[in-house]
Amino acid sequence: LPLAATTGLKRYDAALGNYRRAFELDSNFAQAFLRFEYVSTWSGAQPDSQAHARLLALKNKLPERERRFVEAFEQDLSVPASVALWKPLAERYPEYPPILMMAADPIIHWGPMYGIPIGAARPYLDRLEQLVPEHGDTRFHVAMVEMATGSTDSAAASLTRAARVMGGPWAPVLGFLGRCY
């Protein structure tokens, strides 16, 4: 693997290990289970059914915002229903990146197949860029929206910005695409 890929994997592995140690020290540490689950989901790590079950058992100990996130994340919905579920949560909690990303993600990946314009994800991504400006997944998703809705120049710039912060095998691919645009 390229150095960028192994560095990104090491960061995910380190985060997962730290959260695991936290909940092994305190089996009632709901936030550690939540963050472990979040990193696991976005990193593509193997699901841990015991940690997931413990998170669900502890969800009522979480603050309302995180509890609502867990409850919404647990629902297996169609894309339109998922978009409808996450939108009011994003409006209610515009300072919470996990909810904003969950509001944007189904729109970007599947929305157009259901008549939901990909540009509808842009307000969530704009807010994410304000909150976490160097977040790789945010930059990647912005690039996807720009490729679909923006100019050639804005798409190339977005791809280049995404390549600078993206880890794993995506950085060189995005950089190459940015140069091709």
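The lining of the second largest pocket divides into 10 nonpolar, three polar and two charged residues. This pocket belongs to a predicted model, and about 270 Å³ of space lies in it. The structure also holds one cavity of 30 Å³ or more. Seven aromatic pairs are present, and the largest nonpolar core has 48 residues.

**Second largest pocket**

- The second largest pocket has 15 lining residues.
- Phe73, Gln75, Ser82, Trp86 and Met102 are the lining residues that lie nearest the centre of this pocket.
- Helix 4, helix 5 (79–92) and helix 6 each give at least two residues to the lining of the second largest pocket.

**Largest cavity**

- The space in the largest cavity comes to about 70 Å³.
- Its lining consists of Leu34, Glu37, Tyr38, Thr41, His52, Leu55, Leu56, Phe69, Val70, Phe73 and Glu74.
- By class, seven of these lining residues are nonpolar, two are polar and two are charged.
- At least two lining residues come from each of helix 2 (30–43), helix 3 (49–58) and helix 4 (64–73).
- Helix 2 gives the largest share of the cavity lining, with four residues.

**Nonpolar core**

- Within the largest nonpolar core, Phe69, Trp86, Ile99, Ile108 and Leu125 touch the most other members.
- Helix 6 (residues 97–110) contributes the largest share of this core, eight residues.
- Ile99 is in contact with Arg65, Phe69, Trp86, Leu89, Ala90 and Tyr93, leaving aside neighbours within four places in sequence.
- Two of these contacts, Phe69 and Trp86, are themselves listed with Ile99 as core residues that touch the most other members.
- As a general point, nonpolar side chains in soluble globular proteins tend to be buried together.

**Aromatic pairs and cluster**

- In general, a pair of aromatic rings is described by the distance of the centres and the angle of the planes.
- Among the seven aromatic pairs, Phe23 and Phe33 form a stacked one, at 4.1 Å centre to centre with 15 degrees between the planes.
- This pair links distant parts of the chain, with Phe23 in helix 1 (residues 3–25) and Phe33 in helix 2, 10 residues apart.
- Phe23 and Phe33 are both buried.
- The ring centres of Tyr38 and Phe69 are 5.9 Å apart and their planes stand at 65 degrees, so this pair is edge-to-face.
- Tyr38 in helix 2 and Phe69 in helix 4 are 31 residues apart, and their pair also links distant parts of the chain.
- Tyr38 counts as partly exposed because its relative accessibility is 22%, which is between the 20% and 50% limits.
- Phe69 counts as buried because its relative accessibility is 4%, under the 20% limit.
- One aromatic cluster is formed by Tyr38, Phe69, Phe73, Trp86 and Tyr96.

**Glu66**

- Glu66 is a residue of helix 4.
- With a relative accessible area of 4%, Glu66 is buried.
- Not counting residues up to four places away in sequence, Glu66 touches Gln31, Leu34 and Tyr96.

**Ala30**

- Ala30 is in helix 2 and is buried, with a relative accessible area of 7%.
- Ala30 is in contact with Leu55, Leu58, Lys61 and Leu62, leaving aside its neighbours within four places in sequence.
- For one of these contacts, Lys61, the C-alpha atom is 6.6 Å from that of Ala30, although the two residues are 31 residues apart along the chain.

**Pro47**

- Pro47 sits in the loop between helix 2 and helix 3.
- Pro47 counts as exposed because its relative accessibility is 72%, over the 50% limit.
- Pro47 and Glu37 are 10 residues apart in sequence, and their C-alpha atoms are 8.0 Å apart in space.

Methods
Residues numbered from 1 in each chain as written. Predicted model: local features only at pLDDT ≥ 70, side-chain atom pairs only at ≥ 80, totals over all residues. Heavy atoms only, no water. Core = buried A, V, L, I, M, F, W, Y, C linked by side-chain atoms within 4.5 Å. Buried < 20%, exposed > 50% of the residue type's maximum accessible area, 1.4 Å probe, protein only. Contact = heavy atoms within 4.5 Å. 1 Å grid on protein atoms, 1.4 Å probe; cavity = no way out; pocket = protein on both sides within 12 Å on 5 of 7 lines; lining within 4 Å. Points joined across faces, edges and corners; volume = space filled by probe spheres on them. Nonpolar A, V, L, I, M, F, W, Y, C, P; charged D, E, K, R; others polar. Phe/Tyr/Trp six-rings, centres within 6.5 Å; stacked < 30°, edge-to-face > 60°.
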